[in-house]
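Here's a quick briefing on a few side chains worth a look before you set anything up. Grab the model and follow along.

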Amino acid sequence: MCETAKSNVAVLVLNLDGAHFLDDCFQSLLRNAGPPFDIYLIDNCSKDDSVSLTESKYPTVGIIRNNRNLGFAGAYDQAVRALDYEYVVLLNNDTVVEDNWLKPLFDVMASDSRVAACGSKILMAWDRSTIDHAGGMLTMIGSGLDRGKWTKDEGRYQECIEVGFGCGCSLMIRRSAYLEVGGFDPGYVIYHEDVDLCWRMRLVGYTIMYVPDSVVYHHLGGGVIRSVEHPFKTFLCQKNRLSNMVVNMGRTMLPVALMVSTAYDAVRAVRFVQMRRWDLLKMLLKGYAAVIGDYASLRRRRRDIQSRRRVPDKALGKFIAPIVRSAIEYRRIVKPQITAQ
């Protein structure tokens, strides 16, 4: 679908009503040199002309049509399991990739069988000098912390290094490792599912790499949920980060993490009350209710994950952001975007 040689790489572009993004995304992909790769559009039951546009203008792009919106996690999980490639790349539809975007990811992945995932440097499409993601750290509250978020790209993040997680906006995955750890949990829908996947890969001994020579420009949100203050986004982030803590943290880390998480949510709740954001406060509490209601399933997942882990929490320490640093960064990133109704 992109060169005639047999490919062991599939680029999976997830889409929901994103026809206005697809030309830029596909054209940038088709300019890429390097290893042969196939392109697939995974369409989550779009109501716009995404599928017809792809069929007419990009006949070499394979199309996977879902008859309903499976979310990020569910749609990708179904596609990765169905497509028999050694490597798959998850790519948001609202991205433009550099001409040499794929090869650096492939070279790092192919050089070491212990590498389960490689993430790109992601810059803002509206200001290509501003960082969206330069590799990620895990946190004590079960979420991820993007290195360099909303800072200027001035050469600070140019080293190819191990990180806690790679952003699902542009992430190459070794399919065998993905299947080994169980893949995405479709129940996550979207948000922190990439953190969960990479966390589980690390627990069984794989490494996650940040590859700065692979560059992507991201429009942010893909037209789905753009705002940090969106109530449904608040609910999903809350539910999923708490789930990450319950299933992935060991016995020594989890009690401390629960205390840190409670303090974090207390601060958030006070802020929401002060700003009269009752909708966000409701979603915060709804996240707790969802985790409690799903506790039996989470316990089963935890038993399975913890029984197969080969890496103790202590060995993951350098990939978990310190509590104070996390607090400072979250305040810098999130607070300016929470507004009163």
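Where is the place of H133? Look in strand β7, which covers residues 127-133. Keep in mind that this is a predicted model.

**H133**
- A polar atom of the H133 side chain lies 3.2 Å from the backbone nitrogen of G135.
- The backbone nitrogen of C167 also has a polar atom of the H133 side chain at 3.3 Å.
- Leaving out residues up to four places away in sequence, H133 touches S120, K121, I122, D146, R147, F165, G166 and C167.

**D194**
- D194 belongs to helix α6, residues 193-203.
- This Asp is buried but has no salt bridge: R200, the nearest side chain of opposite charge, is 10.0 Å away, while a salt bridge needs the atoms within 4 Å.
- What D194 does have is a polar side-chain atom 2.9 Å from the backbone nitrogen of G168.
- With neighbours within four places in sequence set aside, the contacts of D194 are F165, G166, C167, G168 and F184.
- F165, G166 and C167 turn up in the contacts of H133 and in those of D194.

**Aromatic pairs**
- The count of aromatic pairs comes to 7.
- Y40 and Y85 have ring centres 6.0 Å apart and planes at 80°, so that pair is edge-to-face.
- That pair links distant parts of the chain, 45 residues apart: Y40 sits in strand β2 (residues 38-43) and Y85 in the loop between α3 (71-82) and β4 (87-92).
- Y40 and Y85 are both buried.
- F72 and Y76 make another edge-to-face pair, at 4.8 Å centre to centre with 70° between the planes.
- Because F72 and Y76 are 4 residues apart in helix α3, about one helical turn separates them.
- Both F72 and Y76 are buried as well.
- Ring pairs join F72 and Y76 with Y178 and F184 in a cluster, and F184 is also one of the contacts of D194.

**Charges over rings**
- R202 puts its charged end over the ring of F319, 3.8 Å from the ring's centre.
- Over the face of Y188 you'll find K239, at 5.5 Å from the ring centre.

Conventions: Residues numbered from 1 in each chain as written. Heavy atoms only, no water. Helix = DSSP H or I, 4+ residues; strand = E, 2+ residues; numbered from the N terminus. Buried < 20%, exposed > 50% of the residue type's maximum accessible area, 1.4 Å probe, protein only. Lys, Arg positive; Asp, Glu negative; His and termini not counted. Polar contact = N/O pair within 3.5 Å; in protein donor to acceptor, adjacent residues only side chain to side chain. Contact = heavy atoms within 4.5 Å. Phe/Tyr/Trp six-rings, centres within 6.5 Å; stacked < 30°, edge-to-face > 60°. Lys NZ or Arg CZ within 6 Å of the ring centre and 35° of its normal.
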